[in-house]
Amino acid sequence: MPQSILEGDSPSRTASAIANVLPIDDGPPSAGDRVLDAVVGDAFVMQSVKSLLKRVASSRASTVLLTGETGTGKDLVARTIHNISDRAKRPFTHITCSALPDQLLESELFGHERGAFTDARVQKPGLFEVSDKGTVFLDEIGEMALPLQAKLIRFLEDKTFKRVGGLRDIHVDVRIIAATHRDLRRQVSEDRFREDLFYRLNVLSIHLPPLRERIDDVPLLVDYFVNRYNDELGKAVRGVRPAALERLKRYGWPGNVRELRNTIERAMLLSDSPWLESADVSIPVHPSNRPRFELPPDGVKLQDVERELIVQALERVQGHQMRAAELLGINRDQVRYRIQKYRLSCALPPSTRPHFELPVNGVRLDVVERKLLVQALERAKWNQSRAAGLLGINRDQVRYRMQKYRLPWSRKPRAASHHTRPLSQYRSRTRCAVA
Ligand SMILES: Nc1ncnc2c1ncn2[C@@H]1O[C@H](COP(=O)(O)OP(=O)(O)OP(=O)(O)O)[C@@H](O)[C@H]1O
Ligand SMILES: [Mg+2]
């Protein structure tokens, strides 16, 4: 389904070049400064991001590129640029490039004439047209197909385009804000992103730093989210105990501000005390201290592990199925299938503390399954029924997986076969980050 989200639900190495051409004095506080308060952060990097953001918003330059890891605030910053600019009263249109097939994306952006293609029964103006004098936020620009990139660069040159199937040139005045979590330079070197488009977009770029590089902002962000969820959840939480705050500051935050937000929300949902304690805060003690994918003493249901990793992956990428699939080493259909299988809704409930934390760079689901299977078999001294009991599956399912992962049927190695290697040396054929 096409998703052109008008005024949707959600809302920084900084390019020094811009500082040279735009005025340095930020001026007295204004209404725009109050809007800017939505971008929480006092760290030096954030101060320069905010200052740049303000100047970009008031400049006539119409194209901005936002880069940064997932959850660092690209959506929020795009909306903020719009809200403090003189375009604020005109539409802000957010479109996720990876969410639509190429042809549909082209007609969503540029519109189409009647009869331009089979389903084009009526003429339809595109998002650039309906957003005239406003802002179009092209999210995940790194996923845009090359032919459409070519059409976009032509549009960026003079803001003139033709609808699909149309002959007439249409001129609009829109600011394009593009965002990506990808390394576009690398995409260019791999011929997956047009060089001319990259340079066109990169004139004004704002890089949003990961939270781990501005850890001193954690207390500020915690206060912000506590206040927000007090309002939203009707709670009266006064704050976070020092020990809990210390834990929050020691963690690496692979999901960045979004992950911190979810952690505070979850803690507030589950706690009835006016102060959030260390035990309320559901994060690993320290990512690197925690054994990953070690079978708990009583075993674990394989299904629970799969479901939890899918929930965490979807949470980390804000429900984006393709990116969740990348994190888990499966394809998008397999993610969809599992969403249905586990009846996961789009608005994911905050997960209860999972058995295993999804590593920063994701992990292949099959690697996790294999690792747990091997541990269960070893613990059960290769008794398949007992191993099945440890994993919440039946013996046939154990046998099927032993075949799938080419595991030996017994611990006793057979001479001159691959079984002669100790089991602990068996590795999946794919490389992964499992500790
Ligand atoms: N500096 C910030 N101050 C307050 N809230 C923030 C900040 N940065 C991010 N957030 C909040 O964190 C959540 C995730 O931010 P956002 O959606 O903007 O991230 P993103 O960079 O677009 O992530 P993705 O690449 O996954 O789309 C949102 O709820 C947003 O409001
Ligand atoms: Mg985003």
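**Helix pairs and a ligand**

Colleague: At what angle do helix α14 and helix α15 pack?

Modeller: Helix α14 covers residues 321-328 and helix α15 covers 332-341 (helices are DSSP runs of H or I, at least four residues, numbered from the N terminus). Their axes lie 8 Å apart (lines fitted to C-alpha atoms over the stretch in contact, with angles from 0 to 180 degrees between N-to-C directions). The angle is about 100°.

Colleague: Before we go on, what kind of model is this, and how is it numbered?

Modeller: Residues count from 1 along each chain as its sequence is written, while chains are lettered from A and ligands numbered from 1 in the order in which they are written. Local features need pLDDT of at least 70, side-chain atom pairs count only at pLDDT 80 or more, totals for chains, interfaces and linings use all residues, and the model is predicted.

Colleague: How do α17 and α18 lie to each other?

Modeller: Helix α17 is residues 384-391 and α18 is 395-404. Their angle is about 100°, with axes 8 Å apart. α17 and α18 are therefore roughly perpendicular.

Colleague: And how do α10 and α12 lie to each other?

Modeller: α10 spans residues 218-233 and α12 spans 256-270. Their axes are 9 Å apart, at about 50°. The two are therefore oblique.

Colleague: How many nonpolar residues are in the contact of α10 with α12?

Modeller: Among them are L221 and F225 of α10, and I264 and M268 of α12. Ala, Val, Leu, Ile, Met, Phe, Trp, Tyr, Cys and Pro count as nonpolar, Asp, Glu, Lys and Arg as charged, the others, including Gly, as polar. There are no polar residues, two charged and 12 nonpolar.

Colleague: Which helices each supply at least two residues of the shell around ligand 1?

Modeller: The shell holds 20 residues, each with its C-beta atom, placed from the backbone, within 6 Å. The closest are V40, G73, K74, D75 and V257. The helices are α4 (74-84) and α12.

Conventions. Parallel < 35°, antiparallel > 145°, perpendicular 65-115°, else oblique. Contact = placed C-beta atoms within 7 Å.
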